[in-house]
Each structure stands twice: as C-alpha cells, then as structure tokens.
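Visitor: Could you walk me through this structure, a bit at a time?

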6 protein chains.
Amino acid sequence: MSIIGRRGIHFLRKLSAENVPSDLIEKGQSRLIDASLTLIRESAKLRGELVRALGGSVASTSLLGVPLGHNSSFLQGPAFAPPRIREAIWCGSTNSTTEEGKELRDPRVLTDVGDIPIQEIRDCGVEDDRLMNVISESVKLVMEQDPLRPLVLGGDHSISYPVVRAVSEKLGGPVDILHLDAHPDIYDAFEGNVYSHASSFARIMEGGYARRLLQVGIRSINIEGREQGKRFGVEQYEMRTFSRDRHFLENLVSLSLSLSLLLLSVSLPPSVPAPCVSFFLYVCMYF
Amino acid sequence: MSIIGRRGIHFLRKLSAENVPSDLIEKGQSRLIDASLTLIRESAKLRGELVRALGGSVASTSLLGVPLGHNSSFLQGPAFAPPRIREAIWCGSTNSTTEEGKELRDPRVLTDVGDIPIQEIRDCGVEDDRLMNVISESVKLVMEQDPLRPLVLGGDHSISYPVVRAVSEKLGGPVDILHLDAHPDIYDAFEGNVYSHASSFARIMEGGYARRLLQVGIRSINIEGREQGKRFGVEQYEMRTFSRDRHFLENLVSLSLSLSLLLLSVSLPPSVPAPCVSFFLYVCMYF
Amino acid sequence: MSIIGRRGIHFLRKLSAENVPSDLIEKGQSRLIDASLTLIRESAKLRGELVRALGGSVASTSLLGVPLGHNSSFLQGPAFAPPRIREAIWCGSTNSTTEEGKELRDPRVLTDVGDIPIQEIRDCGVEDDRLMNVISESVKLVMEQDPLRPLVLGGDHSISYPVVRAVSEKLGGPVDILHLDAHPDIYDAFEGNVYSHASSFARIMEGGYARRLLQVGIRSINIEGREQGKRFGVEQYEMRTFSRDRHFLENLVSLSLSLSLLLLSVSLPPSVPAPCVSFFLYVCMYF
Amino acid sequence: MSIIGRRGIHFLRKLSAENVPSDLIEKGQSRLIDASLTLIRESAKLRGELVRALGGSVASTSLLGVPLGHNSSFLQGPAFAPPRIREAIWCGSTNSTTEEGKELRDPRVLTDVGDIPIQEIRDCGVEDDRLMNVISESVKLVMEQDPLRPLVLGGDHSISYPVVRAVSEKLGGPVDILHLDAHPDIYDAFEGNVYSHASSFARIMEGGYARRLLQVGIRSINIEGREQGKRFGVEQYEMRTFSRDRHFLENLVSLSLSLSLLLLSVSLPPSVPAPCVSFFLYVCMYF
Amino acid sequence: MSIIGRRGIHFLRKLSAENVPSDLIEKGQSRLIDASLTLIRESAKLRGELVRALGGSVASTSLLGVPLGHNSSFLQGPAFAPPRIREAIWCGSTNSTTEEGKELRDPRVLTDVGDIPIQEIRDCGVEDDRLMNVISESVKLVMEQDPLRPLVLGGDHSISYPVVRAVSEKLGGPVDILHLDAHPDIYDAFEGNVYSHASSFARIMEGGYARRLLQVGIRSINIEGREQGKRFGVEQYEMRTFSRDRHFLENLVSLSLSLSLLLLSVSLPPSVPAPCVSFFLYVCMYF
Amino acid sequence: MSIIGRRGIHFLRKLSAENVPSDLIEKGQSRLIDASLTLIRESAKLRGELVRALGGSVASTSLLGVPLGHNSSFLQGPAFAPPRIREAIWCGSTNSTTEEGKELRDPRVLTDVGDIPIQEIRDCGVEDDRLMNVISESVKLVMEQDPLRPLVLGGDHSISYPVVRAVSEKLGGPVDILHLDAHPDIYDAFEGNVYSHASSFARIMEGGYARRLLQVGIRSINIEGREQGKRFGVEQYEMRTFSRDRHFLENLVSLSLSLSLLLLSVSLPPSVPAPCVSFFLYVCMYF
C-alpha cells in the first residue's frame, strides 16, 4: 500500500475498532459518495445543456479527471496528473486549433467536467471496490449527457477496468478494445492486489466487458501474461514481431467499424524508471 | 489573467454572446456551486461526527484545500499546491508524531476535509466574487462541525480575504490578526484586480473583518503600501527595524489572549523568483 | 510586454514626461546605436580581412548573435540564447570537425562576429522599429565583408523579419524562402504586436522581401493563419499531408537553384511548454 | 585554459603563424577595442546626461556587466552571469522599492550601462593584459559621468584587479578595501595564471592600489595564502575566530570614513561544487 | 525489502530450493567474505605502513566507505553515497587545506581505505547478520593499523550498530556516545526489521556497547522512542528544549574526556522528503 | 588529469619522493591488486558453480562492473556508472522478463560478478598500465568460469582496450569487432594520454587483438581519425553514407559467424554535452 494511499484507509479501520458505531461511518461514506456523484452529474449536465443549446454537435469530447495513483506498484504521481495534463493542453506555446482546424475552445468540440474527488473519498475509508463503482458511475453520468463523450484523464492504469465496465454497461454489451501498451496489464492479482494497475484487463475480461481485445505494442510480458492472454482469448501483438504484423493491424484499424474503444498508455520505454500517465480514449464516431 | 485562469471564464462569456439562454448558464452554475458546498458539508460532517463519537477532543485541526492560483500576478503553481502539501505531511521520511508528542494520525488531533473543487467551479464561468463566497461558505461549513478548526491550505494569498471574512462572520465580530509576510498585500487593486493576491488585506480592512492587524516581517513595501497601512490603521513592523521591535513583539504574542488569527506566508526571500505557498493558520486555543 | 522587456522602454518614456529635453534622449540613443553598429562593423571587418588574407575561401559562415526575447508571447529565454549556443558548439564532448571533414576552427570555414548589444540599446528606450533597423544594418555589415556569410543566432522568431529584409535589400530583390516550422508566424499583429514572433512573415510578405515562401512542417495553424497564407500567396505544406507532399518537396529542394534562404525554427513539439531557439540559416552557395 | 576561453585565442595565434600580416591583426584588435569602449562611453554618457537633467541626485548606482569566466579554475558560468543577475533584479515576484523606500526604477537611484563585450574582444585573440585594460577603462568611463557610481556585475573574481585599479587611478591614490570572501584570492599565480580569479588580490597589492586590505570571512586558506597575506600586510580575519574579532570589525566598519571599497563575493560554502557569482560593490557615499 | 536489496537475497534462496547443495553456496559465500576482508586488510595495511614510514603522525583519519542502503525504510540512495562524498571532498571549488591549516593531501592527516564491497556480498545471498559482521570486522581491520582512525562514510543509519560494536570490542569496553540526530533510531524493530536504520541504537544498547548515550537534537520522536529511551537509560535532549539544555550540553562536550564517540546524522529537516547521508565520526584524540 | 583521478596517483608519487622505501609501496600495491583479483575470482567462481550445479545453461551473461572515469577527456561520471546501470535494470517499472521470454532473475540467464575495486587500486598510486592489466585479468577470471560470459559495464571507453585484449588472449587469437559509435576512438594518444577513452582502438589494433574492425555510425571524425583508420585497415562506415552502406552491413551482421565481439557505445548525439556510458557487449553464441 502506498504512502499516499495508506492514510485514508487507516483512519476508518482504526476508528471502527474503537467502538465508533459502524453505521455512522457507513452512512457518512455513502453521503460523501452521493455528494461526489452529484457534483459530477451537475457538471456534466451544465455542459450537456450548453452544447445542446448551441446545437450542431454530434459528439463533444468531454474531459473527466481521475486523480488516482495508489494502485500503481511503482511511481504514484498519476494521483496528481489531471491538473497537469490540462495545464499542458492550454499552454501558451501553441494555439487551441487542432491540425485539422477544430477549435478546442468551442464547447461543441471540447468540454471539461472536472475531476472526481478521488482522494476525498479514499480519505473517508472507502475501499477500492466502492471507489471503482464511483468511477464507473461518473463515466456513465457523462455519457448520459448526449452528445458528450468522455475522455478520461488518469490516474494509474487500474482505472481502465471501471471505465470499460461503464462504457459496456451503458452501451448494452461487450465492446471491442484496441489496447496500445508495452504491458498487457493482465496479471490475476499483481502483488496480491486485484485492482492493481497491472491487473485491470484481467478484471475486464472476467467481467465480460470486452468482446475482442487486441493488445498492440507489448514488450514486457512474462509467462503469467501469456497464459492469462490465452485464457481470455486476447489477441496479443508484440513489438518484436511488429514488422510482421503491421500490415494486418493497419488494415484492421482502418476498416473495422466494430472497434469501439481505444486504450492508450503513454509511458517511457519499459525499462526506464519514469512517471507515466494513462489515458483512456473513447472513440465515439459510430454510435 | 493567467493561462490557467483564462479558459474557464472564456467559455461562458462567449456562450452568452451566442444566444444561449443566460438563465440556463446561471442555473447550472448555481447547481454546481450547491453540489460543491454539499461535498464540503458532508465531508466536514463525517469528520465532525467521528471526532465527537471518539470524544475527548476540544479542538481538532481540520485541513481544507483551496487549489487556486489565478489571482497571483507571478507564478500560479499554488493552484496545484494542496495535494503536494499533503504528500509532504505524510512523507515516509518521518513519523506522524509532533515534537510535543501529538499523534497526527489520531482524528481527534488532525482531520482532512479535502479540497474545494475550485477549478471545476471556475471552468463554468463563475466569477471571482461568487468564487470567494464559495470559499467563505466552505470555511464556515467546517467551523460548524465542532470541534473541527479549519487549517486552510492555499492557494495564492488572495484567499486570505474570504477565509478571514468567514471566521469573522462566524465568530460574530472583527478579529485580531498577526500577519507574518514580507509583503503587506494591501494594494487597493493590484494590476487592476481587486481580488489580487496583493490586495487581500485591503479587502479585509474595508470589510471591517479585522479589529487589529499586525504585519510583521515586511521587506517589500512601497509608497502605496505605507499609505494603505496608515489609512486602515495597520501596525506594520519591517525587517529592517526588527531588532528594535523584537522585544515588543515577543511580549505581545506570548501574552495577548485576544489574538485570534495567524496568517503565515511561507515564501523565499522577496527578490528570488520561486514558487510560494500560502498557509492560513487558524489558532483556535481560546474559544 | 515581458518582464525583461518592460524596464528598458519604461525609463525613457517616463523621463520624457518629466521635462527632460527630448533631443537629449534622441541624440543619446542615436550615438549608442552608432556605437553598436561600429562594434559590429569592426568585428566583421577584422574577420573579413583575416579570411581574405588567408585566401582560398569562397564563403565563410559567420555567426551573428541577436540576444532578443521580448517579442515572444511565451517564454523569453531566447534573450539569453546566443552565448549558450556557442557553448554547445565548442563543447568538449566532440571535436570541431564536421561529418564531411570541414575544420570549424579554421576561420575560412567559420568565424564569429559576436552579439549585437540588443539589451543595451533597448534599455535606452529605443523602440522596436529602430531596433529592427539595427538588426538589418548589422546583417548587412557582415554581408559587406566578402566572403563572410551571416548565420544569425536568435533570439525569438521576430528577428526573421529584419534579417530577411537585410538579405533582400543587399542582394537587390526578393528572395525565395524555405521555412521549416510548426507555426506559420504570419498573424497580422499577434496580441496587438506587429513585431511579434508570430507575425514576422506577415511583415516579410508585406514588404515584398520574398518572391516565393514555402512553409513546410506546419502543425499549429488556425483560420487567420490560412487566410493570411492565401492573401500573400504562401505555399503552406502541413505535417498531416506530409507523406503526400514529400516527393514534390524533396525534388524542389534538391533541384531549385533559385532557393536562396532557409529559415529553420528549432523547437519542441507545439503543445509542449519548452524554451525554443530560432536560427536563421543563410544558404549562400550560389551567389 | 577553459573550454569557453580556448577558442578565441586559438584563432589569431594560429593565423599569425600562417603569414597573415601581424599588423593587420593588431590594427583590427585595436579598432574593435576602441569600438567597445565607445559603446560603453556613449551608454554611460546618455545615463549621465539624463540623471543630471533630472537633477537632485548625489550618486546614482550604475550597473556595468563583465561577462567573463575564463580565469576561473573551476566552473566558468560567470561568463553568462550579468544578464541573469538583471533578470533576478527585475523578477516579477517583488516590487522595485528597496526596504528603505528607494524606487529602483528611478534613474536617479539606479541606471544600467550594459555589458562590456568581453567575449567579442577575446574572440579576436586579445590577451588578458589588454582585456584587463578594457575593463579598467570601462569602469573609468562610468566614473567620469558624475553622479554615476559603478556597481560591477561579474564575472569571475579575476575582475577585482582591473576594477580596483581603475577606482584607485581615478581617485588619485590607493583605497581601503573590505573584502568579504571565504577565499583570500591572493595566490601569486594560481595554476600558473597571473590573472587567475584566485590571484586578483596579489595583483592589487603589487600595484599599490590598496592602502589597507581587510579580508573577512576567510575559511579556505593554505600556507601560500597566509604568507602572501603577511608579505603584503593584509589584515586577514578568519571565520574560525570570528566571534573573537566581531566586536572590532563591527566598530571598524561603522566608524571608519576612510573605507572606500567593498568587495563582496557571494558563493556557496567552500566545499560545495556550485556556480558562484562575484560582485564588486562600490561604496560611494562619502567622496 | 527494497528494490535494490530484493535481488541479491532472492537468488540464493531460490537456488537452495532447487537442490543446489547448500554447502556449495555457504562455502562460496564464506570465500567471498574472506576475499572482501582481505581487500580491506591489505588496503588498510598499506596505508598504515605508509603513515608509519613517514612518521610523526599520532592519528590519521582513514575513510572507510559502506555503500549500504537497503535498511532504510525511505530513500535508499545511501547505497551510492561514499563515492559521491569523496567527489565532494576533492571538488575543485576549494583547496585541500582545513580552516586550521591541516593539509588533507598529506596521508599523515587523511587516508582512504576504500569501500567495503557490500553489494557484491549481498548479491551472493548473504543475510544481514553476517553482513553486519563484515562491517564490524572491516572497522577493526582499520583500527589495527595504528595510527589509522576510521571515519566511516555511510550508508544508511543501520551501520551505526556494527561500527559502534567494533569500536567497543576493539577498545575493550563500552564507550560513551554523543549522537546528534533528529531521530533517536531506537525502535525495537522498525517495520519488523531488527537491522532497520531506525533501530540501530536499540541494538547498540542491548549489546552493552555504550556506557552512556546522549542524543541531542531530537525532533521526531514518538511514544516508543521515549519508552525505549527510558528502558536503556538514554539521555535524550530534544530541540524544543534546546535553549534550556544548551548550557549543560556545551559544558559537557568541552570538558568530558570520557566522550569517545560522536555520531553525526546529516539530513534535511524531518518532514522534508530528501536524500540523507549518515556519517559515523570516530573521535580518537585521547586513546 | 581529472579531479577524480588526481588524488590517487598524487599520494604515492609524493611519498616516494620523501624517502619512503619504494618496495614498501610496490609490495603493498601488489598485495592490494592480488586481493582485488581474489575477490573477482571468488565472486565468479561462486556464480560458475551455481550455474553448473543448476545445469542446462550453455552461456550465462555475467555482469562485471568497471567504475572508471579518469581517462575521459570530458565528463567523468562513468566512474559512478555500474551501480546506476544495475539500479535501472532492476527498476520496479517493469518485470524481469525479456521480450523473448527469458527470465533475468534465473542465474542460468544472468549473473552479476560485481565491480572491480578500481578506485581503491588507483588510490594506492597504481598507474594505468597495471590498472589495465587488472581489468584484463578480471575479464579472464569470469571467462574461466564456464558457462559465464562477461558483459562489462563501463566505465569510460578506455576500457575497451583491456577487455578486448583479455578476450583475444583467452580465445587464442585476434577477434572480429563490430564497433557501433559516433567516434572512432582511434587517436594515437589523445591529449597525450595513450590510455585515453579516445585512443582505445589504437591500442587494440597495435596489439594485434583484432583481425577485422568494423566501425559503424561514425559522425565525429577528423583527419587523424581517418589516417589511423587507414593505417590499421579499419573498415569505417559513417552515418552520412549509411543509407548507401546499409544493405551491405545488414547482410554482414546477419550472416557472418566469425563476428565475435560487439562494442556498443551509448551516448547522446556528439554535439550535446551529456553524460555517456559505455558498454562492452560480448557476443558469445558461437564458441
């Protein structure tokens, strides 16, 4: 358990051992979770109303920050990442127009729902299973505000699980996933943690949230990674055979309309000890 | 207006010029502000209930983060400060016991209400007068949960104004303030901004929230600073005469029971361009 | 106006408002500008004499530093760049021989005229139109010392304008320019500044100093950039269509003898907030 | 010889060996030195005229930068120091008023003559004896513009010698010096270099430019340092006996009117490998 | 167990489970430990012979590096510290003469025995109890070469135990220790590790290696720290009462001849997460 | 001579001038060298015994660190490199499985013999010719423990010479070398140092340790580099003609079984002043 993570859970466990009525804690946690979801709901609703009032937008990318780092077995800086990513997006060294001419300052193109108050919830002693539910619910709240489409700013890779689950449940069935990463993140329970950033795809596959999972770019895989891949029917494409597989993959991506989710892990080469940030990119062109 | 600050306000102004019904925006802003205050209220309430259930605490310091930096005329890093300060508090290089033996992990000694969602509110186009009200209301919400006592983690120095206002209004009258800083922060409207980090004490004095203001450690003061000091009856003690004033000040601090607020500005020497973090320390021993 | 830039202009404006005879200031500024140009003239002349005395050189690249950063709307570090670039050139981690075997320590290959005293001139209250003239004159002074060919070390991109103007005027007509940059730098007056680093090519095209302008590598362009491009007949090649345009561009560069100027902007990817340095590379093989 | 320093001298020595007429080089060097001094003269003259026209100033501190680092036996960053020092002076984290209320933006209080083009001169092959003369002449040029008083921004400590020499010659006799430094800088010729930053006070004492030299704060002295101190009659006060000597020194500084020069070396503790910057502070209140 | 530490022990445990004869491993470990001690013995012997041949030295400080960091519960950089400390000692920014005129380059004043090959030994699967013996033996090997006196360069604070043990055993009885540190390092077994850097003084006191232990400068102590202090009769002087205790302590240190060991922990203030380096200073003037 | 290097040699030279019996020093040096080689021998022997006991390994890569930096004419950080390289290898950001599924924690795949105590030997006054012998002997000691194959962690590039010499002598004849580097490292005696990191291949070729030397990737070569290349019959492939030579080189590497050694220099582009680390990669597939 990490330095950052340790404190929140400590408090309430200790308290329940000291004859504080457990329902006092549970009710308080529930009220705090409700308030957090209300904040996300209202933030998303305002953006949705605005974009609909402006009209003419089929899909507006909507940023949703998840400042969570305690499920990383290595550096835990992603707990601080979302505000830093926004700072980079609006940095004065460039303008706000994309290469194709889209104006990012137009809310019909891009909106920002803000951050889920992850640390506030954890500090009340809320465990990871309920925390993952809060993330899933938040993603759904954004999806309910058509035409908003969530682009989730992580956060360590453990959040892939609740995000994919939310998308699958909201769309009504398993999705196809293109996962670009050097690691397969498919350990059963890395270092004993079922919610580890290295186990998120084991949870996704177990839950039946993916119909087809393509992992492309894998460099750092061991025996367990390969066995879990076989067990769940994952299509794993490694870097060492990339030149062989490239033609197949390029055609696949450009043709398949059934591809509904793209998971993008941005990190430095796997053997370099550096901060990494995970993005969940929700490709929304077809529904 | 800063890079970080620019975007939020931009959106809604632009929208109102494009025939989006203004009450749609206003209602959405109000709902978001309500949700934010509900989050703080529930977070404070849970801590208050816990500490009262545990019993035996006369006053429990309660952290409240205000991640706000856009009113700084210089570096705006304080918008990212509260999570970083918490990281330093719980750093593994030390234990959690104070020099006098207090155990910081005991919620009867220290609790943490979390951060006000400042950036989420600003991004909806909420202007600074309403934002300052949100800060004041949040401080009051913590004070209502006896025995919690707020220790506010800034945020640039502009937040001194709403915090002192809240304390004064909650206690029922003006307070005495010991302000330790190299700058008096008393410009009428620095660079035209009445909410500038360099103008917070002008707002405090105008509002009648301080009975007595002692500013100690001043190094960087100009004519306007001295004139505003005289206008408001501020007692300004500069570093260049500190050895002369020291005896008076030490007796003052150690004897006076009427001293109710301590504002502490931690920064590097004034001519060095470095990030600075402001703390508001709420000294609560006597009420 | 930048921190670095603010002070110089401040002084003399203030002074003229306080009944200092304006011709005292103007004469002093003129004498200082004359002295600055004399310094460049003598420095160039000594190098020219040397290279001619050594004989056998058709063209000797001659460094000319322009430590100017105040026309950048973002970071202003280029005001410190020329000495740092020289430090890197002569760094002990390599030898002074180019890949093709040229010995950079031989003045027939490379000389260095030094820096224009930009900050000294600005600090006297000299405005940007006269400052741009000083830069143009300095470039001409180097060109007059055959076989020296100026390689200008920036400085922010605003200096492209006076440098191209000098080359055009010295050669007797408009030149062809290959501009490699992620930005077109062709705003009419970025943030109201006609000498902005983002407006230099608008000035070049208005002045008729370029016959043909090819901008290659553009990533960060908006509506104004495209409209200004059309207005001036600029040939803009964007990165997103680079694979399509590559064949045309490679043939163009390798065949065209009319191509007389190469502008090279070295910077990090456009969305990354990092110091950037601009070079003006004067390709001199043909005249 | 340093990396930065190596190149300039290399060029012209090599050339003279290759049958370039030596008077061509010598005349060119002389013309460049003349142009450099003209630049300083005109810059100082303009400031002097302005301050005199404004009236009411008895002494205006006038910055003069000496970007020279090649005589340091360790780090040579001081060659880049003067622009960095100015950047720190005008940094936006503070205002421009001193603790005693002086307005630094008022030219009657502070002016800036700019930098001597040290690197341009060295790159022409000018040796250190002539370079030291250029520094001395530049200091005199500022002193000739009454009421300007030079405050020299180094540069490594080797420049103490030409600066003190200039002051002594201009005032008409040897001066008294209070030298605050951890090192005595009094080696006869450190690593064989008579102009070494560690030998500047040997040159000052040999030249008879100081009547009395008090060195205070010495920590890093060896046998040669002590012997040279005795030879020249230097009063050396070491840190290890500072508490014993303090009373004497405080009275000396506060009472003596004959003390005309203060040399201040700002550096980190002597065993720490860090960049250091030397200042020459010219205390001018009394003549 | 740390990243750095994990690997070494892993190997041999794994191997013994796979039917590698255990005496093969044990004999190999013993031979490697013998070779390591031979290296230290020969290195110390050569220095001892030299200093004795030169004559005239009563005590020569002799550096002995212990590159060990795995017993730190926080940062483990001390495993890399000894070469970095030596680099700082010989840094070119100062000379090699102490303030009192001792010449550090004279082996009669200072010698250097080099580093114990800690990582090589650990990588063979040697556990901490044997590793601590190697450190104790190495210290004794230096002490046997009169007039060498070991100055041990850590290494995390866990090495205080084997070093003090060696000194006590070599001198024939318990020693008096002045321990300057913000932490008492006296947990029974911090995080379950009896060799933790936070438990070294518990081991020292249990072993009877100290007659009197004065801990001065303590800031970060909790209930266990105070109770262990009482249990072992430690004299603990905290910073919060330092002004009261100062007079007593100053007299104690300057008068007592029985004080034989000084432990100096150099680190940043306790709440700051920064690398720290521990020194063991062996004061040897009296025996 | 470098800062780091200066001290060791200084001591003993000085001593021999002061009537210390020279055989005292020589015998002590010899004993220390013997002890160092014993340490490497035992460390290699233990790994060899283990791998042979485990069985089934044809070749086990065996790390051998050479912390040597004093023969670099630029930065000397490689003296600290081997522990840093190991830290990166075992960094927690990745697992220990290679892309092809090899488990690095299995000693049949990878072992680590530790570092040669280079600095300890140099500090005794041992000169570079004997030091180079120690490196050669250490490489041979690893090669004697079949199936260990040394992978040497530098260290500046000067160590290529003793490593190649050892391999050649152990295998019984000259080897073929593929040298990937931007520099040819073939100066006769760079800056007068025959053991310079820029002269290692001159020594290799003179000694007849290479049958065929292919240098690929050369960017920074001057006249001496080309002449030495011709003199020794080196096949030099430069980056500027790489696209022309690529086909030849790719076939060469993939087909030739006689290629026995691969020297890999990892560094930043040649004109960038950055730390560099040299590896010696011993390709062992064929013998």
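Guide: Gladly, and handedness comes first: a crossing is left-handed if the near helix is turned anticlockwise from the far one by less than a right angle, and right-handed if clockwise. The model is predicted, so local features need pLDDT of at least 70 and side-chain atom pairs pLDDT 80 or more, while totals for chains, interfaces and linings use all residues. Residues are numbered from 1 along each chain as written, chains are lettered from A and ligands numbered from 1 in the order written, and side-chain values use heavy atoms, without hydrogens and water.

Visitor: Which handedness does the crossing of H5(C) and H6(C) have?

Guide: Helices are DSSP runs of H or I, at least four residues, numbered from the N terminus. By the clockwise rule for the near helix, H5(C) passes H6(C) in a crossing that is right-handed.

Visitor: How many salt bridges are there between chain C and chain D?

Guide: A salt bridge is a side-chain nitrogen of Lys or Arg within 4 Å of a carboxyl oxygen of Asp or Glu. C:Glu49 and D:Arg31 form one, with the closest N and O atoms 3.6 Å apart. The count between chain C and chain D is six.

Visitor: Which three residues supply 37% of the area that chain B buries against chain D?

Guide: Buried area is the accessible area (1.4 Å probe) that two parts lose on being put together, summed over both. Between chain B and chain D, about 1,000 Å² is buried, with 42% from carbon and sulfur atoms. The three that supply 37% of chain B's part, more than any other three residues, are B:Phe74, B:Arg219 and B:Arg240.

Visitor: What number of salt bridges does the rule find across the interface of chain B and chain D?

Guide: The rule again asks for nitrogen and oxygen within 4 Å. Across the interface of chain B and chain D, the number found is zero.

Note on methods. Helix = DSSP H or I, 4+ residues; strand = E, 2+ residues; numbered from the N terminus.
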